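Welcome! Please take a moment to look over the sequence and the 3D view before reading on.

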Amino acid sequence: MNDMRMTERARLMQDIKISARDVNVYYGATRAINDVSIDIRDKTVTAFIGPSGCGKSTFLRCFNRMNDTIESARVTGTIELDGRDIHAPDLDPVQLRARVGMVFQKPNPFPKSIYDNVAYGPKIHGLAASKADLDDIVERALRRAALWDESKDRLTASGTSLSGGQQQRLCIARAIATEPEVLLMDEPASALDPIATAQIEELIDELKENYCVVIVTHSMQQAARVSQRTAFFHLGDLVEYGDTGQIFTNPKNERTESYITGRIG
Amino acid sequence: MTLFAFVLLFTATVLAYLLNLRAARALRAGGARLHSLGGFHGGFAALVTLLPALVFLLAWLLLKEPAITVLLLRTLPEAEIAGLGTGERQLIISEIRTIAGGRIFGSPAEWKIEAADRLLAMRRTADYLMIALTALLAGGSMVIARRRVTPDFRARQGTEGILHGLMAFCATVAIFVTLGIVASLLFETIRFFQMVPVTDFLFGTNWEPQIPIREDQIAAEGAFGWIPVFLGTLVITVVALFIAVPVGLMSAVYLHEFASRRFRAAAKPVLEILAGVPTVVYGFFAILVVAPALRALGDMLAIPIAPNTALAAGGVMGIMLIPFISSFADDALGAVPRSLRDGALALGATPAETMTRVLFPAAIPGIVGGVLLAVSRAIGETMIVVMAAGLMAKMTLNPLDSVTTVTVQIVTLLIGDTAFDNPKTLAAFALGMMLFIVTLLINILALRIVRRYREIYD
């Protein structure tokens, strides 16, 4: 028994997908992230928790260089995906984002049909050789996002006509249709009701079989439910990072403990 | 005297405000709990004092001279004005007025000088009466308002009610003026159709509005088919849109999504300057620069090009419309939520793919609305085409030919000596009516499209 846990652990230790060293993010003159270093494991759900404004979403957006789209934002330090610097001049952010998918806080389906929403990524990346191929990819993505049964009869309906929870699952299907290696989720359930939240959480749990999932969440219960690893951020610092069970039951840092017990945040 | 009346009224208004304000404060100082704040008591008094007296004053000023004229006519010696027509009586009245004003030409009859004295006396009396009545009205209102100051009086509701009424009045002014314009247009159009059959106008393909003015004049019978004229408008509008739509949209897309911040900061004001150029200046440009250049080009290529081509007028109109379409498209792109852009970029779409597949389609309804508004502007545009387009109505779709437009025809029909009893002049109103209907329909369509697109994201 103990042996098995040891080997499991060793496997996890080797499988580092994203490695960040001394990352700083500035918005104009203010520093939002201070010297954060972290290793994120593959095929694991890693949760970023912390009070509002602590920089966890900003840090998440570093991994697919979405901060590039904000004119005042500046990122320093190195972030490696599979050992390759994502800020290397020969690396195209467009290709990086094809490998690192993202789901946003607010469901943001395109004002197109459900089918076209999911087919959008595969189309622009040329993943489908034929129409039948594309149909296949769309169906698989919708099935994995647990939306197929509800949407198979109305794939031509507009994506915006779905309910909030369905829209978010559509966005997840859209993100996984491009076969990314990493899936970033920025508070994916914060705009949803408890039932839709439960569905999304179940989905995240299944996704970790194939993907490296990083999820930012406000809800500590959610972090405890879905993640294996948890990182606690406070005021732009990475305060503590470890196994979820350890963080929640036996935090080493005082600030983590205060947050988890509800004294700060 | 009039100025004095207004100063009096204004003083009374301020006084009423202060009086009621102080009264309300005194009540509160005396321990009463007032329903409304002191300022509302003051405002109520000021409005109650100002409005009735102001309405009275304006009405008085409006009716004073006509009333005096009527009274003056009655005092004139019966023998002098018996059997005279209205026009002649008015001549006498204006002569008396001139005398009263101190400008005496020649030696007027004695009775006219006496009448001028009477006129002056009447005016003086009227002025005193006006001031007295204004003072009475304002004073009376002030007293009434002052009596209303009690703790329970709902001065806030009163003040707000009066102000609501004022705002409603201002809102209806625009509506009634519009109705008046449409009604006058409609009235003249109906008169035109009594002389020229509706079918001749709507389906006729010949526009020759020259008709004989005198009985013995040799001229054409006159033909009023609006189709060739409208065709000219269409040709010029299409030419204008061919230039304005691609250039405007491309510039909006570039400025919104791809341009560096510095370039945008420089280009946007220049576009706004383009929007601020008076159309008459565009007209110069069309007739002095574009049209000769086109002709020179035509000579080089051995293509016959008319001096007043639809191409020159439409092309310059297109330049005029570029900033219009560009700013509309820019707004439409800006209204697309940022989350959609982020979503596309996060999927690994390039900025160009994000623009063509997500942002632009999402902005299409707004852009279409803007283009339709540009169409109605192009149809109604007058100055450029008056200067640069032709006068002959031709049934042609060739942009190298000279065409005329609805607006040009309206201008030429109404310029110079016009009599409002012949179809030539009245045709202008019929054309105006058609223009009004066409642009109204386009605007309604555009607003519908724009509104539907707002609903998606709000």
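Here is a short tour of how the two chains meet, followed by some local details.

This is a predicted model. In it, 25 residues of chain A are in contact with 20 residues of chain B. The area buried between chain A and chain B is about 1,800 Å².

**Where the chains meet**

- Interface size is often expressed as the accessible area that is lost when the parts come together.
- Carbon and sulfur atoms give 60% of the area buried between chain A and chain B.
- Two salt bridges are counted between chain A and chain B.
- One salt bridge joins the side chains of R261(B) and E71(A), at 2.8 Å from N to O.
- Five residue pairs are in polar contact between chain A and chain B, with both residues at pLDDT 80 or more.
- On the side of chain A that touches chain B, the elements giving two or more residues are α3 (93–99), β6 (100–103), α4 (114–124) and α7 (164–176) of chain A.
- That side of chain A is made up of 13 nonpolar, six polar and six charged residues.

**How chain B is divided**

- Chain B has domain 1 (2–153) and domain 2 (223–453).
- The C-alpha centres of domain 1 and domain 2 of chain B are 51 Å apart.

**Two backbone angles to look up**

- Most residues other than glycine have a negative phi.
- D22(A), which is not a glycine, has a positive phi of about 50°.
- D22(A) sits in strand β1 (residues 16–27) of chain A and is partly exposed, with a relative accessible area of 45%.
- D35(A) has a positive phi too, near 45°.
- D35(A) belongs to strand β2 (residues 30–41) of chain A and counts as partly exposed at 45% relative accessibility.

Key: Residues numbered from 1 in each chain as written. Chains lettered and ligands numbered in written order. Predicted model: local features only at pLDDT ≥ 70, side-chain atom pairs only at ≥ 80, totals over all residues. Heavy atoms only, no water. Contact = heavy atoms within 4.5 Å. Buried area = accessible area lost by both parts, 1.4 Å probe. Salt bridge = Lys/Arg side-chain N within 4 Å of Asp/Glu carboxyl O. Polar contact = N/O pair within 3.5 Å; in protein donor to acceptor, adjacent residues only side chain to side chain. Helix = DSSP H or I, 4+ residues; strand = E, 2+ residues; numbered from the N terminus. Nonpolar A, V, L, I, M, F, W, Y, C, P; charged D, E, K, R; others polar. Domains from an automatic or database assignment. Buried < 20%, exposed > 50% of the residue type's maximum accessible area, 1.4 Å probe, protein only.
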